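This report is written for a reader who is meeting the structure for the first time. Please keep the sequence and the model in view while reading.

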Amino acid sequence: MSASELIIRRPRPEDFEAIVAIEQASFADAWEPENFYNLVTPPAEHCRVAERDGKLVGYWVGSRIDEEAELANLAVDPALRRSGVGARLLADFLDHVGALERTTVFLEVRVSNAPAIALYRRYGFAELSRRKAYYQKPEEDAAVMARRPARIRFLTQ
């Protein structure tokens with residue numbers, strides 16, 4: 001699948017079941033379905049879905065307060081991973097929260113999720129710290145990563 005064929009849009013109520021299915025296929029410690037129901041009825045401002053040929057193939061959920069944003073969740077249909085969908089969703093999120101302007105973006109990711117960490121690094125994220133036993137099922141640390149606008153540098157750079 002070519003990432004250029006994607007349509008990224010706000011979620012609709014009819015997307016609920018597909019979002020939950022992708023979430024449950026993606027994460028052992030998946031969010032509860034009602035969390036997603038609240039995002040699609042009415043559509044949340046800080047949530048987008050990726051659609052191809054009328055089929056939902058991924059989504060992101062995030063937030064922004066002042067000059068900070070958080071990518072809370074990004075998932076892609078397991079059959080379409082490493083096809084560019086995740087990169088397009090991440091780029092859309094960064095654009096949506098104004099990350100190129102003045103916003104610092106944070107996220108947590110399982111330390112064992114090498115493909116996601118590599119994607120985040122390609123988009124300018126760096127690891128700040130670790131959160132012990134942040135994830136359950138199985139228990140695992142989270143890498144806390146951040147991406148700062150170009151005008152702001154990490155102290156360690």
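In which loop does R82 lie? R82 is in the loop between β4 and α3, where helices (H or I, at least four residues) and strands (E, at least two) are DSSP runs, numbered from the N terminus.

## Basis of the model

This is a predicted model, in which local features need pLDDT of at least 70 and side-chain atom pairs count only at pLDDT 80 or more, while totals for chains, interfaces and linings use all residues. Residues are numbered from 1 along each chain as its sequence is written, and side-chain values use heavy atoms, with hydrogens and water left out.

## Backbone features

R82 is not a glycine, yet it has a positive phi of about 65 degrees. With a relative accessibility of 76%, R82 counts as exposed; here buried means under 20% relative accessible area, exposed means over 50%, and partly exposed lies in between (1.4 Å probe, protein chains only). A133, likewise not a glycine, has a positive phi of about 50 degrees, but A133 belongs to strand β6 and, at 28% relative accessibility, counts as partly exposed.

A cis peptide bond leads from K137 to P138, with omega near -5 degrees. P138 is placed in the loop between β6 and β7 (140-147).

Strand β2 (residues 47-52) is mostly covered, since five of its six residues are buried. Strand β1 (residues 7-9) pairs with β2 in the antiparallel sense over three bridges, two strands being paired if DSSP finds at least two bridges between them. In this pairing, R9 stands opposite V49 in β2.

Strand β3 (residues 55-65) also runs antiparallel to β2, and six bridges join the two, with E51 standing opposite L56 in β3. The hairpin of β2 and β3 has two residues between the strands, and in this hairpin D53 takes a positive phi near 50 degrees.

In helix α2 (residues 33-40), the residues F36, L39 and V40 are buried. Seen down the axis of α2, its buried residues fall within an arc of 90 degrees, so they line one face of the helix; the arc is that of the directions from the helix axis to the C-beta atoms. These buried residues of α2 pack against α1, β2, β3 and β4, where contact means heavy atoms within 4.5 Å.

Helix α3 contains A91, which counts as partly exposed at 31% relative accessibility. Although A91 and Y123 are 32 residues apart along the chain, their C-alpha atoms are separated by 8.0 Å.

## The largest pocket

The largest pocket has a volume of about 960 Å³. On a 1 Å grid over the protein atoms alone, a pocket is an open set of points where a 1.4 Å probe fits, with protein on both sides within 12 Å along at least five of seven lines, and lining residues have an atom within 4 Å of a point. Grid points are joined across faces, edges and corners, and a volume is the space filled by probe spheres set on the points.

Of the 34 residues that line this pocket, F27, L74, N113, A116 and Y120 are the closest to its centre. The elements α1 (16-26), β4 (68-76), α3 (85-96), β5 (104-110), α4 (114-122) and β6 (126-135) each supply at least two lining residues, and β4 gives the most, with seven. By class, the lining has 20 nonpolar, six polar and eight charged residues, where Ala, Val, Leu, Ile, Met, Phe, Trp, Tyr, Cys and Pro count as nonpolar, Asp, Glu, Lys and Arg as charged, and the others, Gly among them, as polar.
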